[in-house]
Amino acid sequence: MKRGHLGLLVVFVLLALVPLVADATGQSSMTRLVGQVLILGMAAASLNFILGFGGMVSFGHAAFYGIGGYVVGILYHHFDAGTAFLGLIPGTDQLLLTLPAAVIVSGLAAALVGALALRTGGVQFIMITLAFAQMFFFLVVSLKTYGGEDGIMVRRTNELFGLNMRDKATLYWIVLVVAAGYYLFLRRLVNSSFGQTIAGIRQNERRMAAMGVDTTRAKLFAFALSGAGAGLAGALMVNFLRFASPDMMHWTKSGELMVMVILGGVGTLAGPFIGAGALFTLETTLGRFTEHWALPVGIILLVVVLATRGGLMGLVRRIVEWRR
Amino acid sequence: MILLVEQFLNGLQYGVTLFLLAAGLTLIFGIMGVINLAHGALYMVGAFAAAWTTMQTGNFWIGLPVGLVTAALVGLAMELAVIRRLYQRDHLDQVLATFALILIFNQSVTLIFGRQPLFSQPPALLSGAVEVLPGLPYPAYRLFVIAVGLAVAVGLYLLINKTRIGMLVRAGATNRQMVRALGVDIGRLYSAVFALGALLAGLAGIMASPILAVQVGMGEEIILATFVVVVVGGVGSVKGAFVAALVLGMIDTMLRAFLPGLLQGVMPGPEAQALGVGISSMGIYLMMAIVLLIRPRGLFAAGG
């Protein structure tokens, strides 16, 4: 356990050094890239909690990610225009308000979707989560007030304690702290009795029910918690890119999040972050050489799914075990 | 009234297109238990092969068989190379592998045909309009699409209910393990069903090619609606797919045609337009959510 703590600390320090290294080497895009990887990793990790630990294959997770982003976008829109949402809630540009608001709204949305979707299972569950995500997607596309298909430009990043939020490095460190906090939260969650219950339901729901666990309620709570995490990631992303668009909710985004989870390793804590890093780096690096980057990405993904079990984390573990 | 009949025919045409796709998908779903997101890619392949051949030769009747054969062969290759390895995997692996196939197919087609959409013409024989009602001319080609779709529905009904292969298909949809235990060569049955599904998806693409712009991404546009049809109709049920395809095709078309106009009565023009289009796009998903909440396995679910 001690060694694990040390490893985490080393990773955290290395990640904290990224903006300095980027400055020193003149690779200023690196901060942007790693920041986005951290945020996408959070979204993927939130999905992994229900998918990997809970066995619920949600194909609509981008909806909650997008809702979190739109909360920030809509609050900024009203702050900028000096109006109020539905004439009741005034806008704001304070990060300490927008992030919790995003978490709460996306968590509630996930609770609503989960309450309906969890009445089905298997293929139907995959499809009904997709259906709800599509409904949210078309809803934001049809809202002309909030940019419709074009999305919302957030001209200035949310404020926090008078820090200079225009500085990408400052923003990056805030993202890093939140991501690290979320990682620790997930680690506690997975090891808690609730986390054990969720894992038990994945392995054998009937047995858990026989032990007196209200399985539907536990699954619903996990689903809402996971949606809230995705909302937090979405809210950070909109701050980071200063832009909220319907693309955040597109069904291919849900697919990409699943890809990150699988690529990194289902049901592992670090896997989704590694998967997000691998996919995002692959896309941007290949995108520099060819506009047809999707072809190699598709082939690599296919090989990973067909040939490896347990994704990159599984590969790492097997190498480590083989060396011993 | 005339507008209503016209939209009814449009809905019917969209419905049979959905049915051609959904029939194959529901069989693949029901019998092999595979979620094939790349089914839309076969629709795209059929459309591209037919549109390109039609444009080169100037003859739709050459494009049609070329499109069919290409779609079936590509489908067969897909089954042998990838799908076959997914039968024993869980849904998650299937979703991801076929998601990867979408990326591969879309990029390959972009590499071959470029980003410009192809526009092909309907055959000369069907290029005119037929006056279905006094004062309502309707394109003959669209009527032809409806007729083909309904003919395929009848053909599939006979194939599935009256032949030995159909019996195996029905048995497979009800209880896969039992069919295997009774000594049926399940590998060949799977390949045949997959190729049939690919053929039907290709046919849907070919039929749509003179009506739509043939471009990369056309598969994803329609595949989600197809999945809705399959799930609403009940996985594995061709009858369910037929009913759900026609109903959902009709609802979708009617909403798109009339909702923006209705909303314009209560709110300003451009916003009503945007909201109307948005809600129309949500319509079929809302339908699916409602159906699944009442009947979690769909309307005509096969098996127990």
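How many residues of chain B are in contact with how many residues of chain A?

## The model

This is a predicted model, in which local features need pLDDT of at least 70 and side-chain atom pairs count only at pLDDT 80 or more, while totals for chains, interfaces and linings use all residues. Residues are numbered from 1 along each chain as its sequence is written, chains are lettered from A in the order in which they are written, and side-chain values use heavy atoms, with hydrogens and water left out.

## Where chain B meets chain A

In answer to the opening question, 43 residues of chain B are in contact with 41 residues of chain A, where contact means heavy atoms within 4.5 Å. Together the two chains bury about 3900 Å², of which 82% lies on carbon and sulfur atoms; buried area is the accessible area (1.4 Å probe) that two parts lose on being put together, summed over both. Of the area that chain B buries against chain A, 15% is supplied by B:Leu92, B:Leu96 and B:Leu293, more than by any other three residues.

Between chain B and chain A there are zero salt bridges, a salt bridge being a side-chain nitrogen of Lys or Arg within 4 Å of a carboxyl oxygen of Asp or Glu. On the side of chain B that touches chain A, helix H4 (91–113), helix H9 (218–233) and helix H11 (269–294) of chain B each supply at least two residues, and H4(B) gives the most, with 16 residues. Helices here are DSSP runs (H or I, at least four residues), numbered from the N terminus.

The axes of helix H3 (residues 60–81) and helix H8 (residues 186–208) of chain B come within 8 Å and cross at roughly 145°; axes are lines fitted to C-alpha atoms, for helices over the stretch in contact, and angles run from 0 to 180 degrees between N-to-C directions. Among the residues that make this contact are B:Gly67 and B:Ala71 of H3(B) and B:Ala198 and B:Gly202 of H8(B).

The residues in contact include B:Val16 and B:Leu20 of H1(B), together with B:Gly149 and B:Leu156 of H5(B).

## Salt bridges

Over all chains the count comes to five salt bridges. In one pair, A:Glu205 forms a salt bridge with A:Lys219, the closest N and O atoms being 3.1 Å apart. This pair links distant parts of the chain, with A:Glu205 in helix H9 (residues 205–210) of chain A and A:Lys219 in helix H10 (residues 215–241) of chain A, 14 residues apart.
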